[in-house]
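Morning, everyone. Please have the sequence and the 3D view open, and we'll walk through them together.

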Amino acid sequence: MSSIIQQLINGVILGSVYALLALGYTMVYGIIKLINFAHGDVYMLGAYFGYFFIRVMHLNFFIALILSMAICSVLGMLIEFIAYRPLRHSPRIAVLISALGVSFFLQNGMSYLYGSDKRAFPQAIETTQYHFGALQISNIQIIIVTTAVALMILLHLIVKRTKMGRAMRAVSADEEAAILMGINVSRTISFTFAIGSALAAAGGVLIGLYYNNIDPLMGMTPGIKAFVAAVLGGIGIIPGAALGGWLIGILETMAQAVGLSNYKDAIVYAILIIILLLKPTGILGKNKREKV
Amino acid sequence: MTRTILKTRDLSVRFGGVTAVDQVSIEARENELVGLIGPNGAGKTTLFNLLTGVYKPTNGEVSIFSNDKLININQLSPYKRSQLGIARTFQNIRLFKSRTVLENVLIAMTAKNKSYSLQAILRTPSFYKNEEKRQQQAMALLDIFGMTNVADELADNLSYGQQRRLEIVRALATKPAILFLDEPAAGMNPQETKELTDLIKQIQVQFKMTIILIEHDMNLVMAVSERLYVLEYGKVLATGTPIEIQNNPAVIKAYLGEEG
Amino acid sequence: MDKTHIKYTLSWATLALMIFILIFVMTIFNIIGPYGMTTIVLIGINLIAAVGLNLVIGMSGQFSLGHAGFMAIGAYATALIATAIPTVFGFVISLLIGATLSGIVALIVGIPTLRLRGDYLAIATLGVAEIIRILIMNLKITRGPAGIFAIPSFVNWQVVFGLSVLTIIVVVNLVRSTTGRAIIAVRDNEIAAESLGINTTKYKVIAFVIGAMLAALAGGLRASFIQSVSPQDYSFMQSITILIIVVLGGIGSISGTVITAVALGILDVVLQSFGSLRMVIYALILIIVMLFRPQGLLGTFEFSLKTMLFSSGGDNDKDHSKNA
């Protein structure tokens, strides 16, 4: 029994990182209907910047986290400006392929510059284990969950309470109407990428701290899983992404717990396909119909 | 008395809280030209979508006359309904834009002909013979509507009126028993509308089929329809001949509002 | 009438023969060394896979990201069967079984998922390919992450050349037939196609299954040629490699696919000296082409010997036979 609860705790922690990533996917999809394949690679860049600030600049972990988020938000806007914005009125497949190109570019660019080997992420914070009966949880795990939850609350406040957040919701609901209401759509999209990329960077730094190693291809699988999480929760719906992230995290650790660890990724993909077939709008989504 | 070829009973569909089509019972007879009118948002196109299978009804049923009996087609998908003799055009033109006019017609003949994939891959003489026969049939159909001269044009390059015309020709290529026309005169100039009026009459006579027409152009719809249904808020408000409808107080009120 | 068809067919056959002879002569005079030979074979293999993918993406308009999974099925079928029966017969059987198996998997996967639209289908097919790879990595029979070695080699450039030509003929003839027209109609306007009595799912599945079978054929040829298979050869990157060929050449243009497969094969040799920078250059090319020519280099244009060689005989065009 206690081992199940232990796995549940581990699942929530891993799920927090998926949730951070999934939020970026869902916001971008909500606003420009693009599966941003490069999103997982921004997460990878986030981890590398974290590595740089801690190992090379010897900065405090949280300062490194914030700096990495800031830089990645600029990078996110830059990616959108260069590779997606010119294609806003092209067929969707063109943007999707451009996104694959960016992803491919970031992975191989980092491999070229820094090698494709894994490198050890600095132990910026001394690990302490806390025991509650048979359960154990580390201070690192607590940091991951609290940081993720804090960022999600912050995102919620931005989306619900600020003018920019209102613009995001407006463009997402109806771009043309938003233009007529005087909303600067390009700036709103830029802002969405900035926020999404910052969250991805935070996820990258946190996972570096958790797993202790990073590599240029580290964003690929979590990226796809986070997208699955976003679809599971209902793509375009912000609370759905968080919910989906945690569910996928828990599912994955549970698969490990019952001895299916080699198949954990396959299980996630199978869930994705089942969701797409049964309820493509996700858990929190509403059904829409096409106008004929 | 000709027989009933299409019949609905208490047909309804709800989207969320909105009942777009509400207990509609209509029928159309063989070779009859039925007009369907009503204010915007009355549920006319939704009714077409229910009849052609794009939407599935929440309640009620749709039946058509096929193989000497009236059969319920509620559960059939649009392509199966087409194979039973239902054809339609769309309010917002839906042509195969990257294909030529001729190819648009040939595509419509797909379901009615056996496809010889293996012969096509091997390019056997029988493939060429079949292909030639079909092209002749398609050209003959285009000829009736005076479109042979644009047979090799891309559908996208046709004028608006020509595109609407091609959509009708394409629907006819499926050899339907019932043809649904969804606002065929929308966006046409008076001259084109006049030609369309003649065209619709010509189809009814020459192809001996039932035509059901949604149209906002009252001159057109009154000129060609033998009988009309008026829809309002998803319900049938009135039915009758064009003269009866024009003098029906409820219809006049629906169209002109309180001031009428 | 029939004469013109024979004329076009003969001129295409002549072109294929000329290329064959050109490669043959170059091998005799040692212009192409063993390394060049490998390049030619790999170009042919990529071409077969890419023509299959273009049938799915370009002709039926279904965005699949799972081509590597179907290649893997073919590769492992050949690896296992040709190793067990190391004869030409065994090899041919292995290709047939691989293609059939891949077609069956595509059928099972395709019937439900092809109802999904655009990017949802992309992500679902990606998931399927990953599931296939994870199964291969964990099953006993496929020998886990290490893969299978010492597969007997039955593949030379002549075999690949012949099969590439055959693939192109099958796909082009299929596209220019009733079935092909229906597939394209579903791509252009699904709702209209369905209203005309076309079973849209059926035609999407036909394209998807043929695409998967061609992918398996390519995978089988590759396994026998490089004489080894491993799961990481058929990761998401492999799907992307084939996708790049299709997209750069022009989505919906078989000519474009052929040209790009050859051009990228040669570029690969040229860029070999750049080492890992090569992949960065590919990524940049992909982005730049999308930005400046989102429809791909050739768009949907197809080379036609009919217009190139016989355009003076304008009378022939009046018979509306586009089957040359």
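Start with residues 52-81 of chain A: there the chain is 87% helix and 0% strand. Helices here are DSSP runs of H or I with at least four residues, strands are runs of E with at least two, and both are numbered from the N terminus.

Some housekeeping. This is a predicted model: local features need pLDDT of at least 70, side-chain atom pairs count only at pLDDT 80 or more, and totals for chains, interfaces and linings use all residues. Residues are numbered from 1 along each chain as its sequence is written, while chains are lettered from A and ligands numbered from 1 in the order in which they are written.

Now residues 93-114 of chain A. That stretch is 100% helix and 0% strand, with its end C-alpha atoms 31 Å apart. The unreviewed UniProt entry annotates "transmembrane region" in chain A, including 52-81 and 93-114. UniProt positions follow the numbering used here, feature names are shortened, and annotations may be inferred rather than shown by experiment.

Next, where chain A touches chain C. 35 residues of chain A are in contact with 32 residues of chain C. Contact means that two C-beta atoms, placed from the backbone, lie within 7 Å. On the chain A side, H4(A) gives the most, with 15 residues. That side divides into 26 nonpolar, 7 polar and 2 charged residues. Here Ala, Val, Leu, Ile, Met, Phe, Trp, Tyr, Cys and Pro count as nonpolar, Asp, Glu, Lys and Arg as charged, and the others, Gly among them, as polar.

Over to chain B. Which strands form its open sheet, and in what order? There are 6, in the order S7-S8-S9-S4-S10-S11, with mixed pairing. Two strands pair if DSSP finds at least two bridges between them. The edge strands, S7 (86-88) and S11 (235-240) of chain B, each pair on one side only. Strand S10 (residues 227-232) of chain B pairs with S11(B) in the antiparallel sense, over 5 bridges. Within that pair, look for Leu231(B): this residue stands opposite Val236(B) in S11(B).
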